[in-house]
Amino acid sequence: LMRPPLAHAISLLNEGHRTFGTVWYCLWTCAPGHPELTRKAVTWLTLTPDSHFWASTLATIITFERDAGTGVLPSELFLLAMSWLRDNLDAPNWSRAWESLLTVKHPSAPTTELIRLGLDWLRAHDRSIDWYYVWQPLFVMSSPLIDHEELFSIGWRWVGIHYDNSGWPFV
């Protein structure tokens with residue numbers, strides 16, 4: 001008997017292929033949460049930290065876990081994501097990965113480090129189209145690490161300069 005088409009497609013998905021991110025996402029939409037797709041994504045994320053699809057792949061998995069009610073990320077993936085955030089502050093969609101990790105439940109979730117990384121990123125990336133994705137969660141967050149007056153000033157300056165950014169109304 002033939003294998004079901006989805007199972008066959010997943011088995012053919014190669015973590016080293018240059019279009020892995022695109023093909024993986026297409027398969028994920030057909031079978032969200034499939035354990036083999038998750039395993040292959042973790043392998044791919046480990047092998048290709050410089051891919052433009054890195055942050056969106058991570059965010060897709062995190063969103064699935066959150067929406068499925070678990071919100072728990074496997075330790076391997078959580079540690080990989082934290083390392084990627086530290087080492088790739090200039091990566092496309094960095095803010096998306098950062099924002100996704102804020103929603104993760106993990107025993108060693110370093111909220112302090114996520115806040116510090118977010119603040120550092122804000123200061124260095126004010127021209128980013130998705131700047132407000134980091135500013136807004138930090139602004140509403142309650143933490144002794146956040147100087148809300150300073151954050152308000154940073155946001156006020158940003159609004160005055162970046163009125164053409166689609167995130168302008170959210171700051």
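I began with S100 and looked up where it sits, and I found it in helix α6, which covers residues 94–102. I note at once that I am reading a predicted model, and I keep that in mind for each entry below.

Next I asked myself: is S100 buried or exposed? The relative accessibility of S100 comes to 9%, and because buried means under 20%, S100 counts as buried.

I then looked for what S100 touches once its neighbours within four places in sequence are left aside, and the contacts I noted are A59 and I62.

From that residue I turned to the protein as a whole, and wondered how many helices and strands its secondary structure holds. I counted 9 helices and 0 strands, and when I followed the sequence along, the pattern I wrote down was α-α-α-α-α-α-α-α-α. Helix α6, where I had started with S100, is one of these elements.

For the overall dimensions I took the C-alpha trace, which spans about 65 × 35 × 25 Å along its principal axes.

I returned to burial, this time for the whole protein, and noted that 43% of its 171 residues are buried; S100 is among them. The protein exposes about 9,600 Å², and I recorded that carbon and sulfur atoms supply 60% of that area.

On contacts across the protein, I considered those with a separation of 6 or more, and found that residues 24 or more positions apart account for 59% of them.

Key
Residues are numbered from 1 along each chain as its sequence is written. This is a predicted model: local features need pLDDT of at least 70, side-chain atom pairs count only at pLDDT 80 or more; totals for chains, interfaces and linings use all residues. Side-chain values use heavy atoms; hydrogens and water are left out. Helices (H or I, at least four residues) and strands (E, at least two) are DSSP runs, numbered from the N terminus. Buried means under 20% relative accessible area, exposed over 50%, partly exposed in between (1.4 Å probe, protein chains only). Contact means heavy atoms within 4.5 Å. Accessible areas come from the Shrake-Rupley method with a 1.4 Å probe; for residues, only the protein chains shown count as cover.
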